[in-house]
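Hi everyone, thanks for making the time. Let me put the model up, and then we can walk through it together.

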Amino acid sequence: MNLPAQLTAVPGTDSLYLWEPEGTGLWGYANCLWVISGPDAAVIDTPYDGPMTEAMIAAARPLLGNRTVGTVVNTHANGDHTFGNYLFPGAEIIATRAGHEHLHHEPTPQEMHALVHQSPPEAPLGRYLRDHFSVFDFASAQLAAPTLTFSGRHTFSVGEVEVELHEVGPAHHVGDLVVRISDVVCTGDVFFHGDHPSHWAGPLQNVIDACELVLALDPRVVIPGHGRPTDQAGLEEHLVYLRTVQREIRLRFEAGLTAEKAMEDLSSRAFYSHLGLPERLMILIAVEYSHLSGDSSAPTVLSLAGQAALWSYR
Ligand SMILES: [Zn+2]
């Protein structure tokens with residue numbers, strides 16, 4: 001695990017700093033944005049386990065001085081954006097109401113630990129969880145749930161800086177929000193930069209709408225949930241990908257292909273093969289098929305991960 005030892009100043013700002021682990025081609029390494037202004041500090045998203053979060057706080061310490069973090073924002077409820085919350089005691093933890101209400105569907109850190117270490121290693125899901133998630137120390141983390149929830153829009157201040165939260169879910173997750181601070185937007189996981197995305201809630205149109213809302217905020221800097229920061233052109237390029245995926249899935253659904261056949265067909269065409277984690281396409285297809293067929297019971301994260309795992313070892 002190669003974690004950044006320093007925060008990186010977001011160019012053109014004097015109060016925004018990014019903790020940006022190298023995460024392309026990997027699960028679980030999300031970007032975290034620090035806002036440090038006047039006597040106050042806030043952090044947008046927290047890492048996946050205790051040691052990563054401690055490493056991030058150590059990296060922030062020279063800039064943080066003796067301030068304590070008063071506010072934590074979770075862009076959605078997935079553990080790779082929330083499990084580090086517990087290392088910010090006393091902070092207000094802000095999330096959308098929809099995300100908070102869905103929290104009981106998310107595996108706790110202890111459940112993740114059990115899943116990774118107790119799933120049968122000979123089964124694809126067990127092997128996949130070990131291969132991709134055993135590097136994380138879930139046993140150390142504790143759940144720290146949101147203390148303030150909202151729907152629609154919420155604004156708060158950190159020193160001189162105004163932070164706007166815009167609810168955009170259900171898209172990647174039922175409770176997504178994006179964060180705007182002046183001309184910088186943190187997208188959470190409605191935008192993965194460099195990998196095929198995993199979107200659990202959808203439909204894909206909602207993810208597209210969320211990315212379009214980000215563009216409508218006219219950002220100069222776009223910070224994705226995972227991968228390198230970019231600008232509007234980078235996000236527009238990703239929108240082309242999302243619309244293409246949406247169209248290609250729909251065509252195969254309408255032609256009567258099963259989700260597995262659709263995946264087989266897309267893979268045989270080296271679909272966006274420069275992006276990492278191609279097995280996540282199986283998740284996108286399964287979730288989109290469920291919406292296209294009008295199935296109200298969305299597939300569970302575990303069944304989706306199982307399908308992606310099966311595919312990755314073919
Ligand atoms: Zn994530």
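A9 stands opposite Y17 in β2. The pairing there is between β1 and β2, antiparallel, over two bridges; strands count as paired if DSSP finds at least two bridges between them. Helices and strands here are DSSP runs, H or I over at least four residues for helices and E over at least two for strands, numbered from the N terminus. In the β1-β2 hairpin, six residues lie between the strands, and G12 takes a positive phi near 80°.

Before I go further, a word on what you are looking at. This is a predicted model, so please keep in mind that local features need pLDDT of at least 70, side-chain atom pairs count only at pLDDT 80 or more, and totals for chains, interfaces and linings use all residues. Residue numbers start from 1 along each chain as its sequence is written.

Now follow Y17 across to the next strand. Y17 also stands opposite W34 in β3, and W19 has C32 of β3 as its bridge partner. Four bridges join β2 (residues 16-19) to β3, and the two run antiparallel. On to β4 (residues 40-44): five bridges join that strand to β3, again antiparallel, with V35 opposite A42. The β3-β4 hairpin has two residues between its strands, and G38 takes a positive phi near 55°.

How many strands does the open sheet have, and in what order? There are seven, running β1-β2-β3-β4-β5-β6-β7 with mixed pairing. The edges are β1 (8-9) and β7 (148-150), each pairing on one side only. Helix α1 (residues 50-64) packs on the sheet and touches β2, β3 and β4, its direction making about 20° with that of β3. Axes are lines fitted to C-alpha atoms, for helices over the stretch in contact, and angles between N-to-C directions run from 0 to 180 degrees.

Why is β3 described as largely enclosed by the rest of the structure? Because five of the six residues of β3 (residues 32-37) are buried. Buried means 20 or more other C-beta atoms within 10 Å of the residue's own, exposed means 12 or fewer, and partly exposed is in between, with C-beta atoms placed from the backbone.

Leaving out residues up to four places away in sequence, I44 touches C32, L33, V73, T75, V179 and C186; contact means C-beta atoms, placed from the backbone, within 7 Å. Pick up V179 from that list: with that sequence exclusion, its contacts are I44, V73, T75, V163, L165, V185 and C186.

V179 also brings us to the largest nonpolar core, which has 88 residues; W34, V35, V178, V179 and I285 have the most contacts inside it. Its largest share, seven residues, comes from helix α8 (residues 280-292). By a nonpolar core I mean buried Ala, Val, Leu, Ile, Met, Phe, Trp, Tyr and Cys residues joined through C-beta atoms within 7 Å.

One last stop, helix α4 (residues 124-133), where Y128, L129 and F133 are buried. These residues span an arc of only 100° around the axis, so they sit on the same side of α4; the arc is taken from the directions from the helix axis to the C-beta atoms. Their cover includes α3 (109-118) and α9 (301-312).

Thanks, and I'm happy to take questions.

Notes
Contact = placed C-beta atoms within 7 Å.
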